[in-house]
Amino acid sequence: MKGNNPESIKRDIFKKAKLYYQLAHEIKQKEDFTPGVSKINYAGRVYDHREIINLIDSAFDFWLTAGRYAKEFEKKMCRFFKTKKFYLVNSGSSANLVMVSALASSHFKNRLQPGDEIITPSITFPTTVTPIIQNQLVPVFVDCEIGTYNIDPNRIEDAIGPKTKAIFIPHTLGNPCNMDIIMDVAKRKSMIVIEDVCDALGASYDGKLAGTFGSMASLSFFPAHHITMGEGGGIAVNDQRFTKIALSIRDWGRDCWCEPGKNDTCSQRFNGRFGNLPFGYDHKYVYSNLGYNFKITEMQAAIGVAQFEKLNQFIESRRNNFNYYYEHLKPFQDKIVLPRWEKKANPSWFGFPITVKPGINVHSLIKHLEEAKIETRRIFAGNILKQPGFMNVKHRISGDLKIADMIMERTFFIGVYPGLTDKMKDFVLARFKHFLK
Ligand SMILES: Cc1ncc(COP(=O)(O)O)c(C=O)c1O
């Protein structure tokens, strides 16, 4: 029958998928906003029929594990970051674990040994810290700043002890850290820098992208982030020393770098001697690192490829939403502290952080917003050492964490994601004004 071949069936289904999206999703997305009734999320998926079509396309391929879409996404990210390698993983948390594990790998010449220290801010996300502990390393907590909510760069040097080997810095809420100071200290003290860019895709410092300063950088593609795959993450590897190690740790710790479905990429599959294995032991089953399986599925990558095309537009929209709130909240600076960023920073905002000044009850303000269906979030774990799961972990504190405690008490953020409409933003501002007046 004419037209009855796989490609034309596919095309028909894609057409139908677009129509389905328009009727089932787009109409809902455009539903009228009712102030106080409709929810204003702090973040969320922003997508159209293209993501759905890619997802169906990958289902038709039925490759399932990382395949052509994963390769395409990794290539796009390599180009975006102008980096040596970009590896997809199943979450930002996994990306962080791979990075820290790579620093402790026996294949890294200056590997971090159990008990070695990594400097990191006290205001943080839990899975930025847990990989340090999981690798028997010791986090050294440094206080943070109100305004940027990043590690206080001027306190890093004082935190360095004889066992301190690395700095692990998140760019909080998309606001780049002061990379002049951090990279200068790291260079002078021979410390490795790794970056958590999970919230900061597209942010830059002095014209250079966050994620390209350190040896490696992590990304998250959870729906709250700049682009999503549902779940997902990635590692930008800028430092040649970690390209093989990071891949190995992601892929069960194996020595072989054959892609799924491929054999003998190294042409030495049965010709090597590894560890105490018999000569010629199948390279496919040689494990040179203590690894995990953090690989992504092809369906996730397919969504990511469509999302990537929207990235610049998403970043711009986040910046515009941020600026709108900033301008309209300026008159209330006697009551709230507005966000601050470094002179050379061009943030790619994840949220709009607000610290209330003395005399303003943060709980009442949050309640006032939440009651109007405006979502708020605290700055992740706050001072991580106050969290039940972290109270007894081995750590060192440099100086004190007074500002971190203050941030935990008095700071929260609202969303700036591209799904916000003008009506929503004006309602958020009206609600703030109502309270702050
Ligand atoms: C700064 C930071 N690091 C790491 C993560 C973990 O990412 P994932 O949720 O993909 O595991 C997040 C998650 O939101 C984050 O905000």
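This briefing describes one sheet and the helices that pack on it or on each other.

The structure is a predicted model, in which local features need pLDDT of at least 70, side-chain atom pairs count only at pLDDT 80 or more, and totals for chains, interfaces and linings use all residues. Residues are numbered from 1 along each chain as its sequence is written. Helices (H or I, at least four residues) and strands (E, at least two) are DSSP runs, numbered from the N terminus.

**The sheet**

- Eight strands form an open sheet with mixed pairing, in the order β1-β9-β8-β5-β4-β2-β3-β13, where two strands pair if DSSP finds at least two bridges between them.
- The edges are taken by β1 (85–89) and β13 (396–397), and each has a single partner strand, so one side of each is left without a neighbour in the sheet.
- Strand β3 (residues 138–142) runs parallel to β13 and is joined to it by two bridges, with V140 standing opposite R396 in β13.

**Helices on the sheet**

- Helix α3 (residues 68–81) packs on the sheet, where it touches β1 and β9 (233–237); two residues are in contact if their C-beta atoms, placed from the backbone, lie within 7 Å.
- The direction of α3 makes about 135° with that of β1; axes are lines fitted to C-alpha atoms, for helices over the stretch in contact, and angles run from 0 to 180 degrees between N-to-C directions.
- Helix α4 (residues 92–103) also packs on the sheet, touching β1, β4 (164–170), β5 (192–196), β8 (216–220) and β9, and its direction makes about 165° with that of β8.

**Helices on each other**

- Two packed helices are described by the angle between their axes and the distance between the axes.
- For α4 and helix α8 (residues 243–250), the angle is about 125° and the axes are 9 Å apart, and the two helices are therefore oblique to each other (angles under 35 degrees count as roughly parallel, over 145 as roughly antiparallel, 65 to 115 as roughly perpendicular and the rest as oblique).
- V98, S101 and A102 of α4 make this contact with I245, A246, I249 and R250 of α8, and by class the contact of α4 with α8 has five nonpolar, one polar and one charged residues (Ala, Val, Leu, Ile, Met, Phe, Trp, Tyr, Cys and Pro count as nonpolar, Asp, Glu, Lys and Arg as charged, and the others, Gly among them, as polar).
- Helix α2 (residues 49–61) and helix α9 (residues 298–308) have axes that come within 8 Å and cross at roughly 150°, and α2 and α9 are therefore roughly antiparallel to each other.
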